[in-house]
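Hi,

Here is the structure I promised to pass on to you. Have a look at it first, and then read my notes below.

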Amino acid sequence: MIWEKLKPPEPDDRMCCCECDINQCRCCCDCEDLDEAFSSWLKEKPPSCGIQCPAFGTMMDNMKISMIPALLLLPLLLKAAALHYLLGIIILTALPGLVLSYYYATHRRKRRTLFFLTLALYSLAYMYYLFITEILPRGDVSPLQTFAVTTGMILTIVSLIHTKRGPGFVTASLHEANHQQMDAENELTNSDGCIQSADSEKTRKHPNSTKWTLCPVCKIMRPPRAGHCRTCGLCVQRLDHHCVWINSCVGQANHRSFLQTLCVFVLTAVYGISLVLRSLCPRQYLMTALFYCPGVYSQPSTALCFTCCWYSSIITVGLIYLLVAQVVNISFNVTGREAQLAVRNKKGQSRLWGLVIDTGEYSRGFYQNWVEFLTMTDSFMSFHSSPTDLV
């Protein structure tokens, strides 16, 4: 029975409905795996795969969410949440759970998706649309403040486009280019003894800086700190992580742009939320207006804007945590991938209440780590790698 499952299908074998992309009922497949899962559930048997039952895992693997209905549903959910504060609590609590469920489904399948990037851009555009149509006519926002918010929106989009240009993929010609550069440096150092001694000291401090390894998947030589992304299917120089919100990896070529995008978005979001709260709750302190704003549900427009402030605050808090984690990792010269490997191999030390895993392998001090991050080159990226698409 197990061999029949693992045997590759013959050309004349019928495809199961869960394997057919055009079948609309493929998430409710009646194949043997799903039958066994539901049978054990009906017999009240405990699941054999941890917390998630096999039926849920199988359905989540086969389910795909269309972006257009999900995007049209977002304004309807926000308007429904604006009807009453209890509805707002329920809907705004359920929204992150739904998004995390879909993230779990896509993360298990190791595939790229435009859902999160489209949701982020659509939310950004919808919040700005409400700011222009609902808050600006109230007369509480000056033209200079409107210009600041608009500039922040434009800079966020420009930084995101620059981040999407590519993380810095490793190619087969990169190893040859590195050999040519090393040969040129050796010829230069042989003609100058002082430079040669300086390079020897540098190699002694960082022996791993010239160690290249073979990727077991791509079968190409990759530089130190490079990693293979199973979602993109390629090796990335100085791989940090694969970000679903930009539908791309964060690597050596776009890590600075990614950090810039986070900074600009967080500053713009915090400033925009403060302007909206000052307009809706002028008699309340800014720190307490988000939790107590009398009379805000008296009008549908003010209730919708107040609900969107909560929606934006939830997103901003998550991005602030990501920004803080990025800043701390850069301060210790540790990437997200290296921190995961250190935890898996039980190496490194946990610092700052578990916010960062200090491996101590590449760290040269706070100042030098930031200098290295801000001045790191793309390692022949402009000559040997093509940028990714903007989506």
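Let's start with serine 313, which you will find in helix H12 (helices are DSSP runs of H or I with at least four residues, strands are runs of E with at least two, and both are numbered from the N terminus). Before you go on: this is a predicted model, so local features need pLDDT of at least 70 and side-chain atom pairs count only at pLDDT 80 or more, while totals for chains, interfaces and linings use all residues. Residues are numbered from 1 along each chain as its sequence is written, and side-chain values use heavy atoms, with hydrogens and water left out.

Back to serine 313: its relative accessibility is 12%, so it counts as buried (buried is under 20% relative accessible area, exposed is over 50%, partly exposed is in between, with a 1.4 Å probe and protein chains only). Leaving aside neighbours within four places in sequence, serine 313 is in contact with Ile273 and Leu290 (contact means heavy atoms within 4.5 Å).

Now the cysteines. The structure holds one disulfide (a pair of cysteine sulfur atoms within 2.5 Å). This disulfide joins cysteine 281 to cysteine 293, with an S to S distance of 1.6 Å. Cysteine 281 sits in the loop between helix H10 (255-280) and helix H11 (286-289), and cysteine 293 in the loop between H11 and helix H12 (300-331). The torsion about their S-S bond is about -105 degrees, so the disulfide is left-handed. Cysteine 281 is buried at 4% relative accessibility, and cysteine 293 is buried at 10%.

Cysteine 218 is partly exposed, at 22%.

Finally, the nonpolar cores (sets of buried Ala, Val, Leu, Ile, Met, Phe, Trp, Tyr and Cys residues joined through side-chain atoms within 4.5 Å). The largest one has 21 residues, and Leu78, Leu119, Tyr126, Leu304, Cys308 and Tyr311 touch the most other members. Helix H4 (67-81), helix H5 (85-109), helix H6 (115-135) and H12 each give two or more residues to this core, and H6 gives the most, with six. Leucine 78 touches several residues beyond four places away in sequence, including Leu92, Met127 and Thr307. A second, separate core of 19 residues includes Leu160, Phe258, Phe265 and Trp370.

Cheers
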